[in-house]
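Work each one with the coordinates open, then compare with the solution.

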Amino acid sequence: METVKVGMADLAAVKAPGVLTTLGLGSCVGIVLYDKSTKVAGLAHIMLPSSKEIKNNSNKAKFADTAVEVLIKEMIKLGANKKKLWAKLAGGAQMFSFNSSNNILKIGERNVIASKEKLSKLNIPIIAEDTGGNFGRTIEIDAESGSLLVKTIGHGNNII
Amino acid sequence: MNIDMNNLNSTLIDVLKELGNIGSGNATTSLAKLINKKVDMEVPQVKILDFKDVSEALGNAEKTVIGIYFEMEGDIVGNIMFILDQSSARNLVDILMNREGDEKDLSDMDISALSEIGNILAASYINSLSTLTGLNIKISIPSVAIDMAGAIISVPAVQFGIMGDKVLFIETEFQEDNKQVHGDLFLIPEIESFEKILNSLGVI
């Protein structure tokens with residue numbers, strides 16, 4: 001079985017029997033899209049909520065607002081039907097805490113909100129999520145079943 | 001002048017290396033004083049990586065590491081973070097407590113000792129940066145997280161992500177007797193602060 005690793009600010013799509021994984025999501029969000037009818041799965045590892053707040057925005061996989069569309073295109077190339085897609089979200093943690101107003105530490109929460117907004121705009125339902133908290137997550141999406149494995153250190157493993 | 005983080009020229013990289021050298025040298029001296037033993041330091045490596053290669057750069061994105069994180073304020077705004085792997089963290093605490101190592105998990109006391117060590121290392125690092133640049137820089141109290149390397153690294157990576165598509169870090173190795181302590185240091189000034197530092201050094 002082919003396992004494709006998706007790095008930070010990166011995305012990929014596979015068809016069953018493929019598996020997509022991204023290791024150690026912190027404040028980043030793993031956006032998983034799946035089309036059950038064609039068994040095509042996609043995964044984007046986004047770092048920041050919006051490409052519009054940043055000058056240096058050529059890497060579309062880096063932002064919640066631009067990654068989803070690119071990911072859908074990649075999935076369509078593998079035969080996915082855009083209308084049948086659903087989504088799962090994981091990550092968006094706050095790894096360090098401070099008693100300050102430092103916005104960057106809340107980036108996890110903002111990444112989750114931006115991902116939801118984008119998916120809602122595209123009418124893609126979110127059927128499950130494992131987000132927030134103060135711990136990292138490794139995720140693995142199996143294109144055969146669409147089940148998403150979420151692994152943590154000290155917070156157990158979870159299938160959503 | 002605007003700095004393009006994606007295309008740092010070799011002079012800038014040399015300057016950053018030299019800053020790393022002096023900062024780590026100072027940190028080494030502080031550590032030696034703290035444990036009252038001779039501490040050797042390897043010449044720090046400055047690494048510039050693409051995001052997708054970052055989490056693997058520490059060996060394994062799922063490996064448990066300790067991150068000690070500080071905010072910088074004053075003339076420079078940004079963050080500084082030390083990342084230690086578990087065996088380095090244990091070695092460091094063993095050296096500090098003057099005890100033989102065991103394989104137990106880090107206790108709360110160990111973690112509090114580590115955050116104090118991190119504090120001393122970061123402060124001496126920042127002091128040398130402050131002296132060199134003539135800029136006033138202060139650091140916050142430390143915040144510690146023990147988790148997957150990828151998740152810990154994502155914190156500085158996201159901050160670099162605002163400036164460009166590369167991550168810059170300084171890798172330092174300390175050694176006392178046969179106990180190796182390998183640390184990664186991320187110095188993440190905001191882009192204006194980064195320019196301020198280079199400006200004050202007369203590089204740009």
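Axes are lines fitted to C-alpha atoms, for helices over the stretch in contact, and angles run from 0 to 180 degrees between N-to-C directions. This is a predicted model, in which local features need pLDDT of at least 70 and side-chain atom pairs count only at pLDDT 80 or more, while totals for chains, interfaces and linings use all residues. Residues are numbered from 1 along each chain as its sequence is written, chains are lettered from A and ligands numbered from 1 in the order in which they are written, and side-chain values use heavy atoms, with hydrogens and water left out.

**Exercise 1. Find the angle between α3(B) and α4(B), name the class of packing and list the residues in contact.**

Step 1. The axes of α3(B) and α4(B) are 10 Å apart, and the packing angle is about 90 degrees.

Step 2. Classify the angle: under 35 degrees counts as roughly parallel, over 145 as roughly antiparallel, 65 to 115 as roughly perpendicular and the rest as oblique. α3(B) is therefore roughly perpendicular to α4(B).

Step 3. List the contacts, meaning heavy atoms within 4.5 Å. On α3(B) they involve Ala89(B), Leu92(B), Val93(B), Leu96(B) and Met97(B); on α4(B), Met109(B), Asp110(B), Ala113(B), Leu114(B) and Ile117(B).

Step 4. Sort the residues: Ala, Val, Leu, Ile, Met, Phe, Trp, Tyr, Cys and Pro count as nonpolar, Asp, Glu, Lys and Arg as charged, and the others, Gly among them, as polar. The contact of α3(B) with α4(B) has nine nonpolar, no polar and one charged.

**Exercise 2. Describe how α1(B) crosses α4(B).**

Step 1. Helix α1 (residues 10-35) and helix α4 (residues 108-133) of chain B have axes that come within 8 Å and cross at roughly 135 degrees. This makes α1(B) oblique to α4(B).

Step 2. A crossing is left-handed if the near helix is turned anticlockwise from the far one by less than a right angle, and right-handed if clockwise. The crossing of α1(B) past α4(B) is right-handed.

Step 3. Contact residues of α1(B) include Gly20(B), Gly23(B) and Ala27(B), and those of α4(B) include Ile117(B), Ser124(B) and Tyr125(B). By type, the contact of α1(B) with α4(B) has 11 nonpolar, seven polar and no charged residues.

**Exercise 3. Which parts of the chain does the salt bridge of Lys39(A) and Glu144(A) tie together?**

Step 1. The closest N and O atoms of Lys39(A) and Glu144(A) are 2.5 Å apart. Lys39(A) lies in the loop between β4 (29-35) and β5 (40-46) of chain A and Glu144(A) in the loop between β8 (137-142) and β9 (148-151), so the pair ties together parts 105 residues apart in sequence.

Step 2. Both ends are partly exposed: Lys39(A) at 31% and Glu144(A) at 39%. Over all chains, the structure holds eight salt bridges.

**Exercise 4. Is Gly161(B) buried or exposed, and which residues does Gly161(B) touch?**

Step 1. Gly161(B) sits in helix α5 (residues 149-163) of chain B. Its relative accessible area is 0%, so Gly161(B) is buried.

Step 2. Not counting residues up to four places away in sequence, Gly161(B) touches Leu48(A), Ile54(A), Lys62(A) and Phe51(B). Phe51(B) is 110 residues from Gly161(B) in sequence, with 8.2 Å between their C-alpha atoms.

How values were computed. A salt bridge is a side-chain nitrogen of Lys or Arg within 4 Å of a carboxyl oxygen of Asp or Glu. Helices (H or I, at least four residues) and strands (E, at least two) are DSSP runs, numbered from the N terminus. Buried means under 20% relative accessible area, exposed over 50%, partly exposed in between (1.4 Å probe, protein chains only).
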